[in-house]
Amino acid sequence: MRRVRPGAAASRGGAASRTGGAASRTGGEERALTSVAAGDTYEGEEPADQPRLWHVTLSVSGGEAPLKEVRRALEQLAHDHPFLLTSRYANDHAEIRYWEEARDLHDAAAVALRLWGEHRQTAKLPPWEIVGLEVIDRETYHQRIAEGYGPLPATPVGVHPF
């Protein structure tokens with residue numbers, strides 16, 4: 001998955017079809033396949049599958065764990081997953097916020113739902129379960145901030161206690 005910095009522009013996709021209709025071919029005629037480079041579009045067409053930025057908030061909780069171990073595990077997760085913005089933690093729950101680049105919300109959510117489990121062993125994360133997930137697009141995130149509600153910008157970046 002290709003990543004970009006959070007402030008970079010991302011395209012929104014359109015619903016236009018990239019394949020010509022079957023009506024343009026005569027019986028038995030095969031259509032020649034052509035190569036299209038990544039990011040190329042047909043004239044006047046918006047790319048339908050270009051990645052966009054999604055702000056992800058993942059909440060986990062479970063049995064109590066020593067705060068030092070939770071902090072160390074979240075710092076290791078931030079090292080393993082360098083696009084992590086901030087983590088807040090207590091001895092029985094944590095919240096992780098980051099930007100994910102994905103084609104659509106489904107892909108961003110799928111990656112987020114795998115994050116904790118895939119890094120549980122390598123980062124020695126507590127055996128907590130995911131109890132919350134919010135995935136919003138970049139425009140919605142910035143609209144919420146401008147209107148004075150929603151998740152505050154992730155400052156300071158890093159791993160911090162609640």
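Reply: Arg-71 and Glu-75 lie 4 residues apart in helix H1, which covers residues 67–80, so about one helical turn separates them. Helices here are DSSP runs of H or I with at least four residues, strands are runs of E with at least two, and both are numbered from the N terminus. This is a predicted model, in which local features need pLDDT of at least 70 and side-chain atom pairs count only at pLDDT 80 or more, while totals for chains, interfaces and linings use all residues. Residues are numbered from 1 along each chain as its sequence is written, and side-chain values use heavy atoms, with hydrogens and water left out.

Arg-71 and Glu-75 form a salt bridge, with 3.0 Å between the closest N and O atoms. The term means a side-chain nitrogen of Lys or Arg within 4 Å of a carboxyl oxygen of Asp or Glu. Arg-71 is partly exposed at 31% relative accessibility, and Glu-75 is partly exposed at 35%. Buried means under 20% relative accessible area, exposed means over 50%, and partly exposed is in between (1.4 Å probe, protein chains only).

The structure holds 6 salt bridges. One of them is in helix H2 (residues 105–119), where Arg-114 and Glu-118 are also 4 residues apart, about one helical turn. Their side chains meet at 3.2 Å, N to O. Arg-114 is partly exposed at 43%, whereas Glu-118 is exposed at 53%.

Another salt bridge joins Glu-95 to Arg-88, the closest N and O atoms being 3.0 Å apart. Glu-95 is buried, with a relative accessible area of 16%, while Arg-88 is partly exposed at 34%.
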